[in-house]
Amino acid sequence: MAQSTEPRLPAGAGIAALIFALFAAHGALLGLSDDEAYYWVLSQRPALGYAYHPPFVAWLIAAAEGLLRPLFGSAHPFVVRLPAALCAGGLAFIGSRWLLSLGVHRHYAWAAGAMLLTLPGFGAAGWMMVPDLPLLLGWALAFWGAWRVSAQNLPGAALLFAGVLIATLSKHSGVLVALSAAVCVWPARKRRVPALAAIFLGGLVAAAPTVAWNLEHEWVSLLYQLKDRHSGGFSILRWLRFWGSQLGLGGPALVLYLIWFGRRLWIDRRNEVARFTAIWVAPPALVYFFQPLIADFKPHWPMVVWIPLAWELGYRAASGLASTGERSLARLHLAWGFPLVALMLLACHAPVFTAAASILARGKDAPDPKWDVTNDLYGWRQALEPLAKSEVPVIGSRYQTASQAAAAIARAGGDPNRATLSPKTIRDWDEWPRFFGLDGDLPADTPQTWPRLERSVFYVSDNRYSGEPRFKNARCAVAQRNEILRWGLKAKEILIWACEPITPAKSL
């Protein structure tokens, strides 16, 4: 009997598996970043919401640890980052399936994954377990479901429900996913009602835990996202700095293609693929491209704009529809992104930027290690391991240092509940352990209100968050200074302070 020549795996699975394996292996070899350590701390207390984001990222980490902690222990980087690698692989697979549905030959299904991996903002950081990864997976599921409903007249309600649910449970900005999905499916008369119902139900279910949590916490999470994140004053310089970051993280090819794409859409308004892509690009672009004019920004926020543009450009190049200019932009995207992503991934394992700065300085001044953000992945377990078995509480005044201390203690076999944040506000009150003699009965009115110390504690700081302890009724001194080296170059300094109460605690 003749054997089938059809591949055993669906088209696009290969590039998805490659991205998953690359990110999972890469992330397993590095310490946690400050934000990842914080989300790990949250995962130890699963809740309906948290101070800055909805709860999905913490739920994913909790689920991964629940399954794999017996094998890897607590706070292991591979386990913490495994959901991120799965989200990244899933995103590449969905992009490949979308290209196939557009008629691209199965041999070119890898194009979506290649365009994704060489998108610098994604390829260099898509392995990190932060809320943006499940947000992007939810976006991709809704994107695919909306295409099935609007362009193929196929069922897509389940994908729309799951996509809107995951995106909105990951970040508050997930509501933009629901908006784009609803606009896309509205013209699909036969499937409009179930599609819109799925979008509405997904958003409703996702909103329930966020609303419930905010009701009990004076709406601090939503107010932070809607008010605090969008205040800072008008600044053209900050806006130009934002676009400079996008030339690096989005790439010059996609920045140019955004203009090219808009011009082509204006000339050919009946192009179904371009109109569909524009519906997903426009809402986040209107928010993220102009928000830096009035407030500070995070350079990775516009990834949800660049990914559909990268896929659309990849589709045109793979299908033979691209003009000469578009083919040149596709080649530029790959030529720019591949070496930049490779350099960023390498820098996580070798002090590339610190070494380059040291060479340029010619020995005159040692480079400031905090300018190399990859240094933040090193040193915490080494510094906190001596304290792992101690019963003395470990305190950080920033969520970054407190989180790193908790995760490092857990990795060394100690009790992470001995580490906490102080001072606290109501925003942080349910996220961290409370100790008698430290925080009292109520959170501080402001982050500057330090508690009265009535027991001995260790306090941690580093060269990035270097503030000294300011407990009331306390005497503090540096007990341990840890200088972390990478290849003989200074990467980080972690200080451990010993703080003692000046007057003894009152007897109970």
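Q: Which helices each supply at least two residues of the lining of the largest pocket?
A: In this predicted model, they are H2 (34-43), H6 (120-123), H7 (132-150), H15 (303-319), H16 (324-347) and H19 (399-411).

Q: And what volume does the largest pocket have?
A: Its volume is about 1,900 Å³. The lining counts 48 residues, and the closest to the pocket's centre are Asp35, Lys298, Pro299, His300 and Val373.

Q: How do the residues of that lining divide into nonpolar, polar and charged?
A: There are 29 nonpolar residues, nine polar ones and 10 charged ones in the lining.

Q: OK, let's switch to the core. Which residues touch the most other members of the largest nonpolar core?
A: Those are Trp139, Leu160, Trp280, Trp311 and Leu384, in a core of 126 residues. Helix H7 gives the largest share of this core, with 13 residues. Apart from that core lies another one, of 12 residues, including Leu438, Tyr459, Phe471 and Ala474.

Q: Where is Asn153 found?
A: Asn153 sits in the loop between H7 and helix H8 (157-170).

Q: Why does Asn153 count as partly exposed?
A: Because its relative accessibility is 38%, and partly exposed covers the range between under 20% for buried and over 50% for exposed.

Q: What about Trp219, what is its phi?
A: Trp219 is not a glycine either, yet its phi is positive, about 60°. Trp219 is in the loop between helix H10 (192-215) and helix H11 (220-226). With a relative accessible area of 35%, Trp219 is partly exposed.

Q: Last one: which residues does a cis peptide bond join?
A: Ser422 and Pro423, with omega at about 5°. Most peptide bonds are trans.

Q: And where does Pro423 lie?
A: Pro423 is in the loop between strand E2 (419-421) and strand E3 (457-462).

Definitions and conventions: Residues numbered from 1 in each chain as written. Predicted model: local features only at pLDDT ≥ 70, side-chain atom pairs only at ≥ 80, totals over all residues. Heavy atoms only, no water. 1 Å grid on protein atoms, 1.4 Å probe; cavity = no way out; pocket = protein on both sides within 12 Å on 5 of 7 lines; lining within 4 Å. Points joined across faces, edges and corners; volume = space filled by probe spheres on them. Helix = DSSP H or I, 4+ residues; strand = E, 2+ residues; numbered from the N terminus. Nonpolar A, V, L, I, M, F, W, Y, C, P; charged D, E, K, R; others polar. Buried < 20%, exposed > 50% of the residue type's maximum accessible area, 1.4 Å probe, protein only. Core = buried A, V, L, I, M, F, W, Y, C linked by side-chain atoms within 4.5 Å.
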